[in-house]
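Okay, everyone, thanks for coming. Let me put the structure up and then walk you through it.

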Amino acid sequence: MKQQIPPVYDACRKPRRDFLALLGAGGVGLLASALFPHQSFATVEETLKAIDGITGGKAPLEGKVSIELPQIAENGNTVPFTVSVDSPMTDQDYVKAIRIFAEENPYPEVFTFHLTPQSGKAEVKARMRLAKTQNVVAVAEMSDGAMFIAKEQIKVTIGGCGG
Amino acid sequence: MKKKPRIKVPKSVKTGEVFQVKSLFPHPMENGLRKDKKTGEIIPRKMIQRIEATLNGQLVFSADLHHAISANPYLAFHCRAESSGELSITWFEDTGKKTTLSQAVEVV
């Protein structure tokens, strides 16, 4: 699977095309960009939109999935986390995918884990980069199509995107 | 000294037992957003974009890695084995380079 390489702009900043798109959006856009010049303020909505794209507009349910994070991450370059989903992991009932989003990173997608009944236990540990204090969202997709969501806030002392 | 990729699995497990697999791949994970502090030039993107784990050739677990992954990606997940075999993990870099590492798992 070849992933498209996005255009490169200033580190830690939104790609400029979004800023221009906002300008193009007329008066509202002009006002917004005057109030918040080249800020990454739109990413929370973008994350929500990205999650909407996965769930097909359906609101995911709370519960079943949980995400464990340190309360304070001193170094945003390596933030360890554990995501787990309450599931028997049998052939009939298992977790198909777990997606991790960082709401206010320049690019919100972090990880997509694809699991199978052979995985035995729906728990994954890894490390991610976080740009600043924000919410981390985990969305689990079950084999029957049900979606579960969990959100956890984390404080980041030094951002980890090299800006 | 160049560091090597590592996998850690228990040497022997019981039939049907769920065990943890730990993996570590030394890689800078340059996401193409960082600038060189001296020259001001953008460091080109070079990342691991996919990790696949198979047990006896059957896909058990896979992960897509996006922008926000720490350098030297560490991944710990679980796996269930019904019979002895080989657990292989393949790391796919976006340059097309592939690295595979295998470890035997004995079911007793």
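Let's begin with M29(B), which counts as buried because its relative accessibility is 1%. Buried here means under 20% relative accessible area, exposed is over 50%, and partly exposed is in between, with a 1.4 Å probe and protein chains only.

Before I go on, the ground rules. This is a predicted model, so to speak: local features need pLDDT of at least 70, side-chain atom pairs count only at pLDDT 80 or more, and totals for chains, interfaces and linings use all residues. Residues are numbered from 1 along each chain as its sequence is written, chains are lettered from A and ligands numbered from 1 in the order in which they are written, and side-chain values use heavy atoms, with hydrogens and water left out.

Back to M29(B). You'll find M29(B) in the loop between β3 (18-24) and β4 (48-55) of chain B. Strands, by the way, are DSSP runs of E with at least two residues, helices are runs of H or I with at least four, and both are numbered from the N terminus. What does M29(B) touch, not counting residues up to four places away in sequence? The list is R129(A) from the other chain, plus K46(B), M47(B), I48(B), L65(B), I69(B), S70(B), A71(B), N72(B) and P73(B). Contact means heavy atoms within 4.5 Å.

N72(B) lies in the loop between β5 (58-65) and β6 (74-80) of chain B, and with 32% relative accessibility it counts as partly exposed.

Now β4(B), the strand at the end of that M29(B) loop. Of its 8 residues, 7 are buried. β4(B) pairs in the antiparallel sense with β7 (residues 85-93) of chain B over 7 bridges, and with β5(B), also antiparallel, over 6 bridges. Pairing requires that DSSP finds at least two bridges between the strands. For landmarks, A53(B) has I89(B) as its bridge partner in β7(B), and R50(B) stands opposite D64(B) in β5(B). β4(B) and β5(B) make a hairpin with 2 residues between them, and N56(B) in the turn has a positive phi of about 55°.

Stepping back to chain B as a whole: 0 helices and 8 strands. The radius of gyration is 16 Å, whereas a compact globule of 108 residues would come in near 13 Å. That's taken over C-alpha atoms, with the globule rule being 2.2 Å times the number of residues to the power 0.38. The C-alpha box along the principal axes is roughly 60 × 25 × 20 Å. Buried residues are 48% of the 108.

How do the strands of the two chains line up in the open sheet of 6? The order is β2(A)-β4(A)-β7(A)-β6(B)-β3(B)-β1(B), with antiparallel pairing. β2 (65-68) of chain A and β1 (6-8) of chain B stand at the edges with a single partner strand each, so one side of each has no neighbour in the sheet. Within the sheet, β4 (residues 79-85) and β7 (residues 123-128) of chain A pair over 6 bridges, and T82(A) stands opposite K125(A) in β7(A).

Last topic, the packing. The largest nonpolar core has 58 residues, and those touching the most other members are F81(A), I100(A), F111(A), F113(A), F61(B) and L75(B). A nonpolar core is a set of buried Ala, Val, Leu, Ile, Met, Phe, Trp, Tyr and Cys residues joined through side-chain atoms within 4.5 Å. There's also a second, separate core of 6 residues, including I51(A), V139(A), M147(A) and I149(A). Beyond four places in sequence, F113(A) has contacts in both chains, among them F81(A), I100(A), V124(A), F61(B) and L75(B).
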